[in-house]
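I opened the model today to look up a few points on helix packing and charged pairs. My notes are below the structure.

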Amino acid sequence: MREARVALESAVLTHGLPYPLNLEVALALEEAVREEGATPKTIALVRGEVRVGLSREEMEALAAGGAEKASLWNLAALLAQGRSAGTTVAATVHLAHLHGIPVFATGGIGGVHPEPYDESADLVALSRTPILVVSSGPKAILDLRATLERLETLGVSVVGYRTDRLPAFFSPDSPFPVPARVDTPMEAARVYLRARALGLGGVLLVNPVSQGLPYERVALWVEEAGRMAAREGVFGKALTPYLLRKLSELSSGETDRVNRRLLLENARLAARVALALAGLE
């Protein structure tokens with residue numbers, strides 16, 4: 001049986017969580033994958049080179065601050081300039097596939113924002129890359145209905161893990177149904193193999209957090225955070241980290257605690273799917 005490897009993104013280190021929680025969580029994610037019997041590979045850019053697997057020292061340096069955020073549109077430039085960067089879902093999906101890693105665990109994917117024309121590169125990356133991504137659905141700050149519609153248009157296989165509803169990141173469910181469901185890691189691995197054999201793109205395995213926050217409560221916080229961003233003129237790439245920081249403040253840190261929980265649960269599920277996949281192949 002081949003080695004079961006799980007890709008992990010490094011944007012959680014550089015932009016997703018405050019220091020030192022970011023380093024603590026990143027190390028815990030790797031340990032969770034190992035405990036399940038798989039090999040973690042955190043992906044990042046370090047001084048102009050792609051790293052598939054980071055040392056403790058490299059993780060500490062990225063967590064301390066100052067690193068860029070690498071998506072597909074600036075990935076080549078950052079490498080050419082010798083920069084260090086955390087990788088978004090889109091960049092991690094691309095680099096994981098390039099290095100032969102079929103399973104990737106993250107927190108929430110990017111998607112369609114309420115503002116016109118603001119759509120994440122994660123969606124297109126998922127549509128064209130044959131990889132299985134475990135996440136807790138789109139980030140709570142997004143337009144979930146529009147994101148689900150866009151995933152359908154792009155042909156991404158969206159599959160609920162023991163759920164018939166789309167998880168909403170901090171919330172284990174939402175009003176929106178998913179088109180398919182599996183109940184075991186082996187079933188998820190079989191869906192991925194079928195999708196790959198058909199020449200399709202990615203499989204998005206959405207995993208509801210075990211203890212989350214009510215969807216309606218989070219929606220109210222998102223509305224308030226959006227009004228704050230509009231008043232302060234925050235937009236573009238600064239918007240997502242701003243909104244997530246405001247959600248943390250509005251929830252008295254509860255969203256950070258749920259974020260940590262779902263990241264760990266997704267890493268464990270990804271490891272189990274990777275092991276099932278390694279056994280099938």
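Entry 1, helix 3. I kept in mind that the model is predicted. I looked up which residues of helix 3 (residues 56–63) are buried, and found Glu-58, Met-59, Leu-62 and Ala-63. They cover an arc of only 130° around the axis, so they sit on the same side of helix 3, while Glu-57 and Ala-61 on the other side are exposed. I then noted that the buried residues pack against helix 1, helix 2, strand 2, strand 3 and strand 5. Just after the helix, Gly-65 has a positive phi of about 115°.

Entry 2, helices 8 and 11. I found helix 8 (residues 185–197) packed against helix 11 (residues 254–280) at an angle of about 65°, the axes being 8 Å apart, in a right-handed crossing. The residues of this contact divide into 11 nonpolar, no polar and 2 charged.

My search of the whole structure gave 16 salt bridges. In one of them the side chains of Arg-268 and Glu-35 meet at 2.4 Å, N to O; because Arg-268 lies in helix 11 and Glu-35 in helix 2, the pair ties together parts that are 233 residues apart in sequence. I also noted a salt bridge between Arg-272 and Glu-36 at 3.0 Å, N to O, with Arg-272 in helix 11 and Glu-36 in the loop between helix 2 and strand 2. Glu-35, Glu-36, Arg-268 and Arg-272 are linked in a network of salt bridges. For Arg-272 I recorded 37% relative accessibility, which counts as partly exposed.

How values were computed: Residues numbered from 1 in each chain as written. Predicted model: local features only at pLDDT ≥ 70, side-chain atom pairs only at ≥ 80, totals over all residues. Heavy atoms only, no water. Buried < 20%, exposed > 50% of the residue type's maximum accessible area, 1.4 Å probe, protein only. Helix = DSSP H or I, 4+ residues; strand = E, 2+ residues; numbered from the N terminus. Arc of directions from axis to C-beta. Contact = heavy atoms within 4.5 Å. Axes fitted to C-alpha atoms, helices over the stretch in contact; angles between N-to-C directions. Left-handed = near helix turned anticlockwise from the far one by under 90°. Nonpolar A, V, L, I, M, F, W, Y, C, P; charged D, E, K, R; others polar. Salt bridge = Lys/Arg side-chain N within 4 Å of Asp/Glu carboxyl O.
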